[in-house]
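Trainee: I would like a close look at one part of this model: the salt bridges and the residues around them. Please take me through it step by step.

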Amino acid sequence: MTPDTIDTLKKEIDQGYWDYVASTDKTAIEKAKASIKKEGFDGARSSWETARSKADYSPDMKRGERIRLLHEGIGKEDIALAVQLAKEAADAGDYKTYFELTAEVAAEAHNAGQIVQAFSLLQKASPEGRLYAVKVTAEKIANDFKLRYGKPISIEINKDLAKEYEKASAYNSRCY
């Protein structure tokens with residue numbers, strides 16, 4: 001390294017350019033508090049409702065629409081915001097809002113738990129079950145692509161790789 005490069009790196013380090021910032025619970029709560037302070041209670045509640053509406057879907061929706069909404073689902077910061085809103089509602093004596101928000105958070109936690117459970121079941125599935133899941137996922141991706149771009153695509157699973165995968169004796173040998 002040249003002396004100029006070292007000087008540049010030192011300046012960047014001093015300015016925090018290379019700092020790693022983990023998304024901790026504390027950070028999420030601080031962001032929620034800042035959001036409520038900036039937007040006010042009603043504005044922050046509106047942000048929470050918008051996040052929930054993006055993640056909400058009905059069974060009548062097409063698969064591609066559900067996939068898109070799952071990608072826009074509720075995140076850690078959204079949950080922290082709702083929890084902080086519920087806390088502030090309770091502190092203000094607005095127990096109706098408190099119970100509404102806690103029920104909404106519980107519903108989102110339930111949905112997240114079901115997704116985790118589905119992935120757990122997939123992990124335990126037979127090779128045939130996993131290949132079926134891959135086939136269904138490929139169909140969902142193709143449908144989503146058609147919904148987004150108006151053009152159909154075909155996604156095919158390589159038959160030789162599928163046969164090799166089915167014959168693999170252990171989970172680790174089925175991971176490429």
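Mentor: Start with confidence. This is a predicted model, and the chain averages a pLDDT of 78, with 76% of the residues scoring at least 70. Confidence is highest in helix H4, at a mean of 93. It is lowest in helix H3 (residues 63-71), at 49. Where pLDDT is low, the predicted coordinates should not be read in detail.

Now the salt bridges. The structure holds seven of them. Take Asp25 and Lys76 to begin with. Their side chains meet in a salt bridge, 3.0 Å from N to O. This pair links distant parts of the chain. How accessible are the two partners? Asp25 has 53% relative accessibility, so it counts as exposed, the cut-off being over 50%. Lys76 has a relative accessible area of 39%, so it is partly exposed.

Stay in H4 for a moment. Glu77 also belongs to this helix, which spans residues 76-91. At 37% relative accessibility, Glu77 counts as partly exposed. Leave out residues up to four places away in sequence, and Glu77 touches Ala28 and Lys31. Glu77 and Thr24 are 53 residues apart in sequence, yet their C-alpha atoms are 9.8 Å apart in space.

Next, move along H2 to Arg45. Arg45 forms a salt bridge with Glu49, and the closest N and O atoms are 3.4 Å apart. Why are these two about one helical turn apart? Because they are four residues apart in helix H2. Arg45 has a relative accessible area of 17%, under 20%, so it is buried. Glu49, at 29% relative accessibility, counts as partly exposed.

A further pair brings in helix H5. The side chains of Glu104 and Arg52 meet in a salt bridge, at 3.8 Å from N to O. Here too the pair links distant parts of the chain: Glu104 is in H5, Arg52 is in H2, and they are 52 residues apart. Glu104 is buried, with a relative accessible area of 13%. Arg52 is partly exposed, at 21%. Some bridges also share partners. Such salt bridges join Arg45, Glu49, Lys96 and Glu100 into one network.

Arg52 is the salt-bridge partner of Glu104. Arg45 and Glu49 are the pair bridged to each other.

Finish with a helix contact elsewhere in the chain. The axes of helix H6 (residues 127-149) and helix H7 (residues 159-167) come within 8 Å and cross at roughly 150°. H6 passes H7 in a right-handed crossing. On the H6 side, the contact is made by Pro127, Glu128, Arg130 and Leu131. On the H7 side, Ala162, Tyr165 and Glu166 take part. These residues divide into four nonpolar, no polar and three charged.

Notes: Residues numbered from 1 in each chain as written. Predicted model: local features only at pLDDT ≥ 70, side-chain atom pairs only at ≥ 80, totals over all residues. Heavy atoms only, no water. Axes fitted to C-alpha atoms, helices over the stretch in contact; angles between N-to-C directions. Left-handed = near helix turned anticlockwise from the far one by under 90°. Contact = heavy atoms within 4.5 Å. Nonpolar A, V, L, I, M, F, W, Y, C, P; charged D, E, K, R; others polar. Buried < 20%, exposed > 50% of the residue type's maximum accessible area, 1.4 Å probe, protein only. pLDDT = per-residue confidence, 0-100. Salt bridge = Lys/Arg side-chain N within 4 Å of Asp/Glu carboxyl O.
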